[in-house]
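Thanks for making the time this morning. I would like to walk you through one structure, slowly, for those who have not seen it before.

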Amino acid sequence: MNDADFLTQAVSLAKENIEQGGRPFGAIIVKQGEVIAQGVNRILATGDPTSHAELNALRQACQKLKSVSLTGCSLYASGQPCPMCLAALRMAGIEKIVYAYSNDDAEPFGLSTAAIAGLLRQEPHVQVGLEFVQL
């Protein structure tokens, strides 16, 4: 299988999730050509704002490999990973990320995370809408 095949699987998960009342995000993690984990966005079902497809796949992959290191793994996602997911994927050692839809594609549907990504490029103490205090 190649990148396009794995990406098609992630997009199919996203479509299935929509049919089940979820948000349009699916992700798979691949190691050495084998799908080792998959996830969909479960924010609405769980009430957990961190229940993104990428993080759910990441959790599943770590459990399967019994390791917090996903070095040698690739992530395929229906949408461009948000800053939270990107940070977690980097911390876990994911080495390749392939996605179908960008923030620009998601913007008309209110699903872009570009604004938060922009805020996070600033130092926390100057971010608008955040009181950041060190005691």
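This is a predicted model: local features need pLDDT of at least 70, side-chain atom pairs count only at pLDDT 80 or more; totals for chains, interfaces and linings use all residues.

The UniProt record, which is an unreviewed entry, annotates residues 1-122 as a CMP/dCMP-type deaminase domain.

Let me turn to the interior. As a general background, nonpolar side chains in soluble globular proteins tend to be buried together. Here the largest nonpolar core has 17 residues, and the members that touch the most others are Ile29, Leu58, Leu70, Leu75 and Ile94. At least two residues of this core come from each of β1 (26-31), β2 (34-40), α3 (53-65), β3 (73-79) and α4 (83-92), and it is α3 that gives the most, with five residues.

Which residues does Leu70 contact, if we leave aside its neighbours within four places in sequence? They are Ile29, Leu58, Ala61, Cys62, Leu65, Ala92, Gly93 and Ile94. Apart from this core there is another one, made of nine residues, and Leu13, Ile28, Val40 and Tyr76 are among them.

Now to the helix pair. The axes of α3 and α4 are 9 Å apart, and the two helices pack at an angle of about 25°. Angles under 35 degrees count as roughly parallel, and α3 and α4 are therefore described as roughly parallel to each other. The crossing in which α3 passes α4 is left-handed. On the α3 side, the contact is made by Glu54, Leu55 and Leu58, while α4 brings Met84, Cys85, Ala88, Leu89 and Ala92.

Gly21 sits in the loop between α1 (3-19) and β1. Is Gly21 buried, exposed or partly exposed? Its relative accessibility is 48%, so Gly21 counts as partly exposed. From Gly21 to Arg42 there are 21 residues in sequence, and the C-alpha to C-alpha distance is 9.6 Å.

Ser12, by comparison, is part of helix α1, and with a relative accessible area of 32% Ser12 is partly exposed. Ser12 and Ala114 are 102 residues apart along the chain, with 24 Å between their C-alpha atoms.

Technical notes:
Residues are numbered from 1 along each chain as its sequence is written. Side-chain values use heavy atoms; hydrogens and water are left out. UniProt positions are given in the numbering used here, feature names are shortened, and annotations may be inferred rather than shown by experiment. A nonpolar core is a set of buried Ala, Val, Leu, Ile, Met, Phe, Trp, Tyr and Cys residues joined through side-chain atoms within 4.5 Å. Buried means under 20% relative accessible area, exposed over 50%, partly exposed in between (1.4 Å probe, protein chains only). Helices (H or I, at least four residues) and strands (E, at least two) are DSSP runs, numbered from the N terminus. Contact means heavy atoms within 4.5 Å. Axes are lines fitted to C-alpha atoms, for helices over the stretch in contact, and angles run from 0 to 180 degrees between N-to-C directions. Angles under 35 degrees count as roughly parallel, over 145 as roughly antiparallel, 65 to 115 as roughly perpendicular and the rest as oblique. A crossing is left-handed if the near helix is turned anticlockwise from the far one by less than a right angle, and right-handed if clockwise.
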